[in-house]
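Please prepare a briefing on the fold and packing of this protein, grouped by topic and with the cut-offs of each term stated.

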Amino acid sequence: MTTDRPTTLGSPALPGPRQAPAATGPAAAGPRRGFLAKAFGVTAVLSAAGSALGLLRDLLLARYFGANQGTDAFLVAWTVPETAAPLLIEDAMSFLMVPAFALALVLREERPDGPDPVRQLVRATLPWLLLALSTLSLGAALGAPRLVDLLAPGLADPGLAVTCTRITAITVLPFGVAGYLAAALRAHHRFTAPAGIYVAYNLGILGVLLTCHALWGVRAAAIGVAFGSVLMAGLLIGPFLRRLRSGGRRSGARRSRNALVLIPLALLPVGVFTLTRQAQVFIERFLGSALPPGTISHLNYAAKVSQLAMTAGILICTVTFPLVARALAAGDVTAARDRVEKDLGQAAAVVLLGTAFLMACAPSVVALLFERGAFGPRDTAATAAVIRVYSFGLLAQALIGVMIRPYFSLRPVVRRAGDPSPEDGGRRLLDWYPAGAMAFGLVVTVTVGLLATPRFGALGLAAGNAAGITATAALLLHGLVLRGIPLRLRRVLGGHARLLATATGAAALGTPVAGLAADPLLSTALGGLTVALAFAVLGTGLGAREVRGPVRAALRVLGPVPGPSPVADEGKPPHGC
């Protein structure tokens, strides 16, 4: 493993397809039939369990502490793990390391008797990562007073926020380790342990919160976050070491055509994009700190509920991302394009179904989940209103999650030693396109927020969030084509238009039905059932492939349905992967 000089940074234009040598064994054979369905099933179940535990965590926060200056202080401190999680676990770390490990695995298949590129990659990157994470964690702890002042200058209890921030700063190191190990395991098509990290994380938080909330108050939540992050990293160490040993070869020191060259500055566009995306939370906390106490808490609870729908859609590309990265590493752009188009449609269908449900049932959902203890009816009404405004941006959030993965895979953090390093300034500028698109979205967020917040309060902040992220998604869709993935935009946008019409109709039908019952559980059940049935019927009638396929599959379970099966090949991995 070598490192490019700063003057020759960047990766080459995407190489043409390479013929891998004939080989046997799991690595050479690629994913088995049904791999996607099984991997998605495991990931969905464990992610749902993690989300359920996270929801329970938020319920306990609301029950024990309500929505007041204490929870506002903790949520400002929670900005540290909220920022570290996308940067170090799912987003930036995944964008960088899944393509890197995918390329290493392609090289391992091409030269099965040579030095192991996977071990080369680990030895060249992991020590430096640990050093950088330790430095960042210490810096966040020492700079906590200044950080709190920057994030929420109008906070009622800054001292408590500083204490909680110093505790949560510990999470930076284990989050980064967990993200690195999870990326390596996913590139090896191992999804069970990575999908379970949020189960471990939230169990750690709940354990401390349940046992120590009376003794330590809201500080117990911060200590739980730190403890949960350690459990998260610990869960992955064993599976990672087993996969590393399974390579079965020693890493040689000689450099060959199949060695990997590390490109350190490729980290910058990815990191800047992730931080810029997370800056929407900073803007909300900053502007919300000047509003009445409890506003930041209402925004937080609303965001947690709203993001459940978005997270379900992102699970799809979490499973398929290693396949896309592997196809791009092998030069098969067509297979990558087909997979990305399918992911965009499937993620949109899942997210829009959740959006329609939230639009129809937000008040009953919030009452059912949160309205107990210190969380009263006034908090329910405020949180439900924010959820409905947030929901306008959920589709854009999910689409960005799908698009950004293949975008950065085309310029990974490593390249083959034998590939040239071109001095194409235009291509290097495209590395920064996502960050520029996100910066434009932040301008929209700030503008709408400043204009709307004086009159609409938290709803103005939520509207700014939805408008800004939608603007970013539109720019990034165009940027993916510029990057070199030839999406068939008319086909993609036509499918999304049908899904949007489906979701609008389902929400319109579900809202009055949800209002028929005063009991939150009954209201949620009636509204949710109506939305689901309406979504299925309208989507099938409008010809939305992502709805029609699952509906026909469900009907086939009940009885034979004439016509070809639109989902017969869903279990097969894309060609070239």
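A residue counts as buried under 20% relative accessible area, as exposed over 50% and as partly exposed in between, with a 1.4 Å probe and protein chains only. Helices (H or I, at least four residues) and strands (E, at least two) are DSSP runs numbered from the N terminus. The model is predicted, so local features need pLDDT of at least 70 and side-chain atom pairs count only at pLDDT 80 or more, while totals for chains, interfaces and linings use all residues. Residues are numbered from 1 along each chain as its sequence is written, and side-chain values use heavy atoms, with hydrogens and water left out.

**Overall picture**
- The protein has 23 helices and three strands, and 57% of its 577 residues count as buried.
- With contact meaning heavy atoms within 4.5 Å, residues 24 or more positions apart account for 85% of the contacts in the protein with a separation of 6 or more.

**Nonpolar core**
- A nonpolar core is a set of buried Ala, Val, Leu, Ile, Met, Phe, Trp, Tyr and Cys residues joined through side-chain atoms within 4.5 Å.
- The largest such core has 160 residues, of which F74, M97, F101, Y180 and F370 touch the most other members; helix α15 (residues 333–370) gives the most to this core, with 19 residues.
- When residues up to four places away in sequence are not counted, F74 touches L61, V218, A221, A222 and V225.

**Helix α7**
- In helix α7 (residues 144–151), the residues A144, V148 and L151 are buried.
- Seen down the axis of α7, these buried residues fall within an arc of 70 degrees, so they line one face of the helix; the arc is that of the directions from the helix axis to the C-beta atoms.
- The partners against which the buried residues of α7 pack are α3 (69–77), α4 (79–90), α6 (117–142), α8 (158–168) and α13.

**Helices α5 and α13**
- Helix α5 (residues 92–110) and helix α13 (residues 267–288) have axes that come within 8 Å and cross at roughly 150 degrees, which makes α5 roughly antiparallel to α13.
- Axes here are lines fitted to C-alpha atoms, for helices over the stretch in contact, and angles run from 0 to 180 degrees between N-to-C directions; angles under 35 degrees count as roughly parallel, over 145 as roughly antiparallel, 65 to 115 as roughly perpendicular and the rest as oblique.
- On the α5 side the contact is made by A92, F95 and L96, and on the α13 side by L267, V270, F273 and T274.
- These contact residues divide into six nonpolar, one polar and no charged, where Ala, Val, Leu, Ile, Met, Phe, Trp, Tyr, Cys and Pro count as nonpolar, Asp, Glu, Lys and Arg as charged, and the others, Gly among them, as polar.

**Individual residues in helices**
- P81, found in helix α4, counts as buried at 2% relative accessibility, and its C-alpha atom is separated by 7.0 Å from that of V172, 91 residues apart along the chain.
- Leaving aside neighbours within four places in sequence, P81 is in contact with P86, T168, T171, F175, Y201 and V225.
- E341, found in helix α15, counts as buried at 10% relative accessibility; with neighbours within four places in sequence left aside, E341 is in contact with P486, L487, R488, R491 and V492.

**Individual residues in loops**
- N68 lies in the loop between α2 (35–65) and α3 and is partly exposed, with a relative accessible area of 33%.
- H189, in the loop between α9 (172–187) and α10 (192–195), counts as buried at 15% relative accessibility, and its phi is near 65 degrees, a positive value in a residue other than glycine.
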